[in-house]
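Open the structure in your viewer and keep the selection tool at hand. Each stop below tells you what to select and what is there.

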Amino acid sequence: MMKRTAMDSDVLFLPHEIIRNILKRLPVKSLIRFQCVRKEWKNLIQNPSFVADHLQQSTHQNPPLLSECDENDIPFLLLDSGLQVRRVPNPPSTYSLCDASIVGSCNGLLCLVIRELNRSPHSLLLWNPATTAVRYVPRTRTGIPSFDYCVTGFGFSSIVNDYNIVRTYAEFRSVATKAEVFSLNKGTWKAIDIGNLKGVRLEYETVTANGAIFWFGEKKEAEDKVDVIVSFDIAKEVFTVISRPELDYKANEKLTVYENKLAILCDIAEVEDDDELPYKVDLWVLDEGTCASGQTLSWTKRYTSCPLSCSFDSKTIWRNQIVGKPDFVDKRTRSVLNMMNRSWTKGYTSSSPLSFSIGSTTSRRNKGRRNVLYLMNLTTNEFKRSVIPCRDTILHIYNYVESLVSVGNNYIEEYRL
């Protein structure tokens with residue numbers, strides 16, 4: 001209920017809680033401007049509890065999808081819930097964008113690795129595109145020498161309320177022998193025990209969920225090599241090796257997150273001669289426990305797509321939808337697509353076999369074309385199609401949320417919006 005001030009002319013004003021409730025629903029760009037309205041608003045918007053409330057609100061308010069493209073003029077794009085695309089303002093021009101790539105996305109912060117010739121490990125950058133704040137991560141001081149193979153992960157733990165960057169080191173394509181972690185709160189690196197990581201080689205792909213960072217890996221057992229998943233518990237600073245789901249088919253696997261749990265998208269690529277539409281996508285979810293909880297972990301297949309006309313390159317799960325691209329890998333697939341010549345349309349729903357339009361993908365020999373993403377709804381089986389104005393390859397796709405989360409007190413540059 002509005003109150004009146006005891007001034008010469010009665011002025012209506014809103015209670016603090018109502019103002020806070022309104023502001024936390026606004027976009028970051030507006031909040032940055034509103035800090036100039038009055039000191040109380042600035043203090044509120046910069047308060048850690050408000051930043052957390054705004055993040056929670058944004059997370060449940062149709063957060064966009066971030067696309068990383070292989071071209072200099074448009075390296076980053078956002079796809080909103082209405083399938084509208086907008087460009088992300090570039091980070092500071094203190095480095096070449098073509099030499100930078102995203103390692104991970106977490107709560108509105110992006111961790112970028114900057115590839116440098118004849119320098120290992122490469123430099124790292126923390127960037128909040130919404131606030132435009134940037135922070136270079138200091139180089140390690142833990143005495144770790146130069147290695148040929150460095151794998152990086154980025155994530156957040158609510159238990160310690162801290163963002164961590166984890167790096168493991170190995171000789172080229174070999175097992176990890178060293179590890180270190182950077183704490184955003186402390187602003188420093190420290191060496192950590194690799195523990196259960198002994199004998200494991202990590203792959204570059206990484207995701208984060210529920211206070212842990214995950215990678216695909218390969219573990220040596222006697223004379224055999226076993227495919228595994230490696231997790232790093234940020235709060236406990238412990239590596240754990242997790243078995244992958246037992247598949248009875250060949251598939252291209254992609255780490256992702258579903259309902260804040262670790263999940264794997266399996267693009268089934270096994271072709272049978274008597275089946276014109278043999279391709280499917282399975283979703284497996286790690287349903288019980290966490291990586292370091294001591295509880296029994298179990299994989300459950302939660303979704304299987306309808307048959308597809310060609311193999312599907314799954315990228316991530318976004319707002320209960322599998323996002324990906326058709327992957328044209330053989331002449332047989334091209335022949336099927338040319339005969340069918342059907343495009344998906346926005347809102348198309350079917351449980352029958354579906355085909356893709358061959359003219360919807362890009363080629364390096366024809367840079368005038370655009371990329372097309374397809375979205376499969378896990379609940380309704382609705383299919384959507386979105387055109388991305390990126391002439392070259394879409395390198396990676398990340399879940400993203402606009403937030404006020406800080407990159408730390410020592411950020412190097414901030415733009416006025």
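Helices (H or I, at least four residues) and strands (E, at least two) are DSSP runs, numbered from the N terminus. With those labels, select Asn-62, which lies in the loop between α4 (48-59) and β3 (65-69). Asn-62 has a positive phi of about 55°, although it is not a glycine. Asn-62 has a relative accessible area of 44% and is therefore partly exposed; buried means under 20% relative accessible area, exposed over 50%, and partly exposed in between (1.4 Å probe, protein chains only).

Before going on, note that this is a predicted model, in which local features need pLDDT of at least 70, side-chain atom pairs count only at pLDDT 80 or more, and totals for chains, interfaces and linings use all residues. Residues are numbered from 1 along each chain as its sequence is written, and side-chain values use heavy atoms, with hydrogens and water left out.

Select residues 100-106, which are β6. This strand belongs to an open sheet of four strands in the order β6-β7-β8-β9, with antiparallel pairing; two strands pair if DSSP finds at least two bridges between them. β6 and β9 (133-137) stand at the edges with a single partner strand each, so one side of each has no neighbour in the sheet. Direction ignored, neighbouring strands of this sheet are turned by 25° against each other on average (axes are lines fitted to C-alpha atoms, for helices over the stretch in contact, and angles run from 0 to 180 degrees between N-to-C directions).

**A hairpin and aromatic pairs**

Select strand β12 (residues 178-183) and strand β13 (residues 188-191), which pair in the antiparallel sense over four bridges. Val-181 has Lys-190 in β13 as its bridge partner. The two strands β12 and β13 form a hairpin with four residues between them, and Gly-187 in the turn has a positive phi of about 75°.

Next, show the side chains of Phe-182 and Trp-189. What kind of aromatic pair do Phe-182 and Trp-189 form? The pair is tilted, at 5.4 Å centre to centre with 50° between the planes. Rings of Phe, Tyr and Trp (its six-membered ring) pair if their centres lie within 6.5 Å; planes under 30 degrees apart count as stacked, over 60 as edge-to-face and the rest as tilted. Phe-182 and Trp-189 are both buried.

By this rule there are eight aromatic pairs. Select Phe-232 and Phe-239 for another: their ring centres are 4.8 Å apart and their planes are at 50°, so this pair is tilted. Phe-232 and Phe-239 are both buried. Then select Phe-154, Phe-156 and Tyr-163, which ring pairs link into a cluster.

Move to residues 251-258, which are β18. The order here is β18-β19-β20-β21, an open sheet of four strands with antiparallel pairing. At its edges are β18 and β21 (299-304), each with a single partner strand, so one side of each is left without a neighbour in the sheet. From one strand to the next, the twist averages 25°.

Select strand β20 (residues 280-286) with β21: five bridges join these antiparallel strands. Look for Leu-286, which stands opposite Trp-299 in β21.

Glu-259 is in the loop between β18 and β19 (261-268). Glu-259 also has a positive phi of about 55° without being a glycine, and its relative accessible area of 49% makes it partly exposed.

Ala-269 is in the loop between β19 and β20. The C-alpha atoms of Ala-269 and Lys-250 are separated by 6.4 Å, although the two are 19 residues apart along the chain.

**The last stop**

Select Asn-377 in strand β25 (residues 371-377). Is Asn-377 buried or exposed? At 12% relative accessibility, Asn-377 counts as buried. Its side chain reaches the backbone nitrogen of Thr-379 at 2.8 Å and that of Thr-380 at 2.9 Å.

Note on methods:
Polar contact = N/O pair within 3.5 Å; in protein donor to acceptor, adjacent residues only side chain to side chain.
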